[in-house]
Amino acid sequence: MADWTVWLEATGAASAAGGLGYAKYRAPRVYWSLVGLPATWGRFSYSYRSTMDVCGLTVQPSGLRAFMARNVARREVQPVAPKIRRIRPTSTGLRVSLRLPAGLEPADVIASTERLRHAWGVHAVRVVVVKPGVVELRMTGYDVLRRVRMPRKAQPHDMAVPVALRDDGTAFERDYRKVPMALTLGANFSGKSMYQRNLINGLAQLPVALVGMDCKRGVEQSAYAPRLSALATNPDDAASLADVLVAEMEDRFDLLNLHGASDIWELPEDLRPAPVVVLVDEIAELFLISRKEDEDRRTRIVTALIRLAQMARAVGIYLEICGQRFGSDLGKGATMLRAQLTGRVVHRVNDKETAEMGLKDVAPTAVPTACVIPANRPGTAVATDADGGWCKIRTPQISRDKVAATCRDFEHLVPDLPFLAPFRPHVPAPAVDAPSLVK
Ligand SMILES: Nc1ncnc2c1ncn2[C@@H]1O[C@H](COP(=O)(O)OP(=O)(O)OP(=O)(O)O)[C@@H](O)[C@H]1O
């Protein structure tokens, strides 16, 4: 009888351990909530003071405080750690809000994130400045980017589209009003098109005009034709389209002038022209030329894009440029245009130089992280934030068919913009039972 009990207990324990191991891999959210969170919370509470001390995140108490401790409370003078204001568990981690004592600044905590991560055994720690003197430690319990699941609340709104998941479990939003012009870089198969798909899927649901420039004959963007106000599939059309956008920018400035507004968002809704997002699929196609005769066209496109990047924010024309590399090797005007594209998303790159092209001027500390994105994690990237920081992100997987379906569903949102009418793409009738060729 006793043998049976021991056997049952042993098998029960083994299956429970097996179940937990399985859950840790297959259902990390559940595992985190049941096991990881209580363990991390306990470890954090138990070791908070000593960890902050060894990580150099404490300060010596003020003279009065030290005097009171020594003479009134009759205890040893302790260094002062940031005061815990709030601890909030989440389905992916633990958030701790800290008030910094005088003498510590957010940069000190940011510099210690690696040490804190190891001390509390979590996957990542990110520091967010909530307000002067208060920071939030965002701990992530497990690798949320292994299988991306966007938070349910993340939906397109205003001019912001949730395009990817940050490694702290929050949604990364592409917000055109905060960061009007952006550049996405990455090697072949790094996930640039997937990023654009997520973007188009979100933008399609907003009242904006979408303008595509896909000079690879439109292989990627033509599937989104029902929702596009304009599409250029060769450099000649792209040049004409860029000219038209510059002319529209000038007309819109006249409109702002007339109403004494500094940008379109100050205009009353009935007068406000529809915002326009210009999506350039591969920037090199617009820069590189094979014949001398094409030089004028190239100059036209580059000049127009630089003007739009410099000024069009106020009139609600935004640029979203994508490419494998974007450096001076593309020719005159490339670095000038790049400097205007302040939002940066850098996927896996083939060399450090490309990562530097994307990040060195805006977030130099992010370059090493961009250089080590593994090839077996497509869609992973380093992205700059509107507040000047950066984070690691990964897009959710979405098929081109799904995005094309969204574009069809929201076709009615295509704004009436006569200046784009000549560039409106032909919308093919949906094929019946045709096999899908998309990746
Ligand atoms: N977030 C993701 N999760 C899983 N798989 C992804 C993700 N992003 C991209 N992939 C896969 O990686 C492959 C390459 O993706 P994608 O076409 O977006 O890369 P790309 O950088 O645009 O490549 P290219 O420059 O060659 O067009 C595709 O098979 C795609 O399904």
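The glycine sits in the loop between strand 13 (380-384) and strand 14 (390-394), and although Gly-388 and Asp-361 are 27 residues apart in sequence, their C-alpha atoms are 11 Å apart in space. Helices (H or I, at least four residues) and strands (E, at least two) are DSSP runs, numbered from the N terminus.

The model is predicted, so that local features need pLDDT of at least 70 and side-chain atom pairs count only at pLDDT 80 or more, while totals for chains, interfaces and linings use all residues. Residues are numbered from 1 along each chain as its sequence is written.

Of the 439 residues of the chain, 38% count as buried, and the secondary structure comes to 13 helices and 14 strands. Among contacts (C-beta atoms, placed from the backbone, within 7 Å) between residues at least 6 apart in sequence, 65% join residues at least 24 apart.

Helix 7 (residues 235-259) has 25 residues and should span 36 Å at 1.5 Å a residue, which agrees with its end C-alpha atoms being 36 Å apart; the expected span is 1.5 Å times one less than the number of residues. Among its buried residues are Ala-238, Leu-241, Ala-242 and Leu-245. An α-helix has 3.6 residues a turn, so residues three or four places apart point the same way. Elements that the buried residues of helix 7 pack against include those below.

| Element | Residues |
|---|---|
| Strand 8 | 209-213 |
| Strand 10 | 276-280 |
| Helix 9 | 295-311 |
| Strand 11 | 317-323 |

After helix 7 comes Gly-260, whose phi is positive, near 60°.

Around the ligand there are 14 residues, with Gly-191, Ser-193, Met-194, Pro-378 and Gly-379 coming nearest; a residue is near if its C-beta atom, placed from the backbone, lies within 6 Å. Helix 6 (residues 192-203) gives the most to this shell, with three residues.

Key. A residue is buried if 20 or more other C-beta atoms lie within 10 Å of its own, exposed if 12 or fewer, and partly exposed in between; C-beta atoms are placed from the backbone. Two residues are in contact if their C-beta atoms, placed from the backbone, lie within 7 Å.
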